[in-house]
Amino acid sequence: WVHMTDLSLVTLLEHQGIKLQALVADEKDKAIHDLLASNMFKPVSGLATPVALTLSIIDNRLHFQLHSGGRDETFSLALVGLRRTIREYFTLCDSYYGALTQHQPGQLETIDMARRGLHNEAADVLMELLAPFVTTDHCTARRLFTLLCVLYLRPQHVVG
């Protein structure tokens, strides 16, 4: 097993003053930790790796800022093709967290399987959207989708 580490740093530019719910914050932290431990993220432009990545959402576009060796690159992706998937994913996550807090183990497995399947589909779409800019793998795309969802959060997923 070879650990690929094309990303040296991952930062999210989130809305200022918003505190994430504990479960959401944990998912975000785990995704960043896992991304930094093993990832495939090779800029098509030839920008040297490893790169520092900053993600943000501006005007309904997912913005990628890359920095490596004194060079910067940016690109953005329209989220039109992922909006429905993001909404469905949030619905499944809400159902999962609801079943978790209501101690309904029978529903957890079914909901989690659906959630994982949708997450996999979203990762495949994200890989296709990223292809003109970055070569990536499925695991990296899954983690990036998690971070995209954190950036795209609806009010009920934040505290105060």
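In the protein chain, 64% of the contacts between residues at least 6 apart in sequence join residues at least 24 apart, where contact means heavy atoms within 4.5 Å. The model is predicted, and local features need pLDDT of at least 70, side-chain atom pairs count only at pLDDT 80 or more, and totals for chains, interfaces and linings use all residues. Residues are numbered from 1 along each chain as its sequence is written, and side-chain values use heavy atoms, with hydrogens and water left out.

The protein chain has four helices and eight strands. These elements are DSSP runs numbered from the N terminus, helices being H or I of at least four residues and strands E of at least two. Read from the N terminus, the order is β-β-α-β-β-β-β-α-α-β-α-β. Of the 160 residues in the protein chain, 41% are buried; buried means under 20% relative accessible area, exposed over 50%, and partly exposed in between (1.4 Å probe, protein chains only).

Now to the aromatic rings. The whole structure holds four aromatic pairs. Rings of Phe, Tyr and Trp (its six-membered ring) pair if their centres lie within 6.5 Å, and planes under 30 degrees apart count as stacked, over 60 as edge-to-face and the rest as tilted. Why does the pair of F64 and F75 count as stacked? The ring centres of F64 and F75 are 4.6 Å apart and the planes stand at 10 degrees, so the pair is stacked. This pair links distant parts of the chain, with F64 in strand β5 (residues 61-68) and F75 in strand β6 (residues 71-78), 11 residues apart. F64 and F75 are both buried.

F75 also forms a stacked pair with F133, at 4.3 Å centre to centre and 5 degrees between the planes. Because F75 lies in strand β6 and F133 in the loop between α3 (105-130) and β7 (134-136), the pair ties together parts that are 58 residues apart in sequence. With a relative accessible area of 8%, F75 is buried, whereas F133, at 30%, is partly exposed. F41, F64, F75 and F133 form one aromatic cluster.

The charged end of R115 sits over the ring of Y96, 4.4 Å from the ring centre. For this, NZ of Lys or CZ of Arg must be within 6 Å of the ring centre and within 35 degrees of the ring normal.

N39 lies in the loop between α1 (22-37) and β3 (41-43). Is N39 buried or exposed? N39 is buried, because its relative accessible area is 0%. The side chain of N39 reaches the backbone nitrogen of D6 at 2.7 Å, and a polar atom of that side chain lies 2.9 Å from the backbone nitrogen of L7.

The last topic is helix packing. Two packed helices are described by the angle between their axes and the distance between the axes. Helices α1 and α4 (residues 138-151) pack at an angle of about 145 degrees with axes 9 Å apart; axes are lines fitted to C-alpha atoms, for helices over the stretch in contact, and angles run from 0 to 180 degrees between N-to-C directions. Residues of α1 that meet α4 include V24, A31 and L35, while those on the α4 side include L144, L147 and V150.

Note on methods:
Polar contact = N/O pair within 3.5 Å; in protein donor to acceptor, adjacent residues only side chain to side chain.
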